[in-house]
Amino acid sequence: MTAVLIVDDDPILRAVAAEALRGLRPVFEAENGAEALEVLQNEDIGLVFLDMLMPVKDGYEVLLEIRNRFPTLKVAAMSGGGRIGAQDLLATARVFGAQAALRKPLGAADFVSATRALLD
């Protein structure tokens, strides 16, 4: 069974997502884009929940690398906004190849329904 990777610098969001998906799929976590790419290299990941605004390597850099190295991997972009605004960030993520765009804050049910929609 393919796993899900939660990539976000917010440990609370990662914990909520991991708990919601436990039992549904194996779950891996990364707190930044560099860690995410390491996990993708070593694990059988089918879906990445990817925060767009993170330190070290932002979501756009990771998304472009995913499209180059793992072209069939499903990606759900996440953002609560910033200086630009969540809608613009998420629309850009779609252009870069994300299959879904989720606006923060997210609850457990959001992760479950997105996982089922993208992987089942």
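Where is the place of Val-56 in this structure? The legends below describe close-up views of a predicted model, and the first of them gives the answer.

**View 1. Val-56 in its loop.** Val-56 has its place in the loop between S3 and H3. Its phi angle is near 75°, which is a positive value in a residue other than glycine. The relative accessible area of Val-56 is 65%, and because exposed means over 50%, Val-56 is exposed.

**View 2. The cis peptide bond between Lys-104 and Pro-105.** Lys-104 and Pro-105 are joined by a cis peptide bond, with omega about 5°. Pro-105 is found in the loop between S5 and H5.

View 3. Asp-8 lies in the loop between S1 and H1. Is Asp-8 buried or exposed? Its relative accessibility is 0%, and because buried means under 20%, Asp-8 counts as buried.

**View 4. Asp-51 in strand S3.** Asp-51 is found in strand S3. With a relative accessibility of 3%, Asp-51 counts as buried. Asp-51 and Pro-11 are 40 residues apart in sequence, and their C-alpha atoms are 12 Å apart in space.

**View 5. Ala-30 in strand S2.** Ala-30 has its place in strand S2, which comprises residues 27-30. Its relative accessible area is 1%, and Ala-30 is therefore buried. Which residues are in contact with Ala-30, leaving aside its neighbours within four places in sequence? They are Leu-5, Ile-6, Val-7, Asp-8, Arg-14, Glu-35 and Ala-36. The C-alpha atoms of Ala-30 and Leu-50 are separated by 9.6 Å, and these two residues are 20 residues apart along the chain.

**View 6. The packing of helices H2 and H3.** Two packed helices are described by the angle between their axes and the distance between the axes. The axes of helix H2 (residues 33-42) and helix H3 (residues 59-69) come within 10 Å and cross at roughly 20°. Because angles under 35 degrees count as roughly parallel, H2 is roughly parallel to H3. The crossing of these two helices, H2 and H3, is right-handed. On the side of H2, the contact is made by Gly-33, Leu-37, Leu-40 and Gln-41, and on the side of H3 by Val-62, Glu-65, Ile-66 and Arg-69. Sorted by class, the residues in the contact of H2 with H3 are four nonpolar, two polar and two charged.

**View 7. The packing of helices H1 and H5.** H1 and H5 pack with their axes 8 Å apart, at an angle of about 55°. This angle makes H1 oblique to H5. The crossing of H1 and H5 is right-handed. H1 contributes Leu-13, Val-16, Ala-17, Ala-20 and Leu-21 to the contact, while H5 contributes Ala-108, Phe-111, Val-112 and Thr-115. How many residues of each class does the contact of H1 with H5 have? Eight are nonpolar, one is polar and none is charged.

**View 8. Helix H5 and its buried residues.** The 12 residues of H5 should span 16 Å at 1.5 Å a residue, and the end C-alpha atoms are 17 Å apart, which agrees. The buried residues of H5 are Phe-111, Val-112, Ala-114, Thr-115 and Leu-118. Their cover includes strand S1 (3-7), helix H1 (11-21), strand S3 (45-51), strand S4 (74-79) and strand S5 (100-103).

**View 9. Val-112 in helix H5.** Val-112 has its place in helix H5, residues 108-119. Its relative accessibility is 16%, and Val-112 therefore counts as buried, the cut-off being under 20%. Not counting residues up to four places away in sequence, Val-112 touches Ala-20, Leu-21 and Leu-24. The C-alpha atoms of Val-112 and Arg-25 are separated by 9.8 Å, although these residues are 87 residues apart along the chain.

Methods: Residues are numbered from 1 along each chain as its sequence is written. This is a predicted model: local features need pLDDT of at least 70, side-chain atom pairs count only at pLDDT 80 or more; totals for chains, interfaces and linings use all residues. Side-chain values use heavy atoms; hydrogens and water are left out. Helices (H or I, at least four residues) and strands (E, at least two) are DSSP runs, numbered from the N terminus. Buried means under 20% relative accessible area, exposed over 50%, partly exposed in between (1.4 Å probe, protein chains only). Contact means heavy atoms within 4.5 Å. Axes are lines fitted to C-alpha atoms, for helices over the stretch in contact, and angles run from 0 to 180 degrees between N-to-C directions. Angles under 35 degrees count as roughly parallel, over 145 as roughly antiparallel, 65 to 115 as roughly perpendicular and the rest as oblique. A crossing is left-handed if the near helix is turned anticlockwise from the far one by less than a right angle, and right-handed if clockwise. Ala, Val, Leu, Ile, Met, Phe, Trp, Tyr, Cys and Pro count as nonpolar, Asp, Glu, Lys and Arg as charged, and the others, Gly among them, as polar. The expected span of a helix is 1.5 Å times one less than its number of residues.
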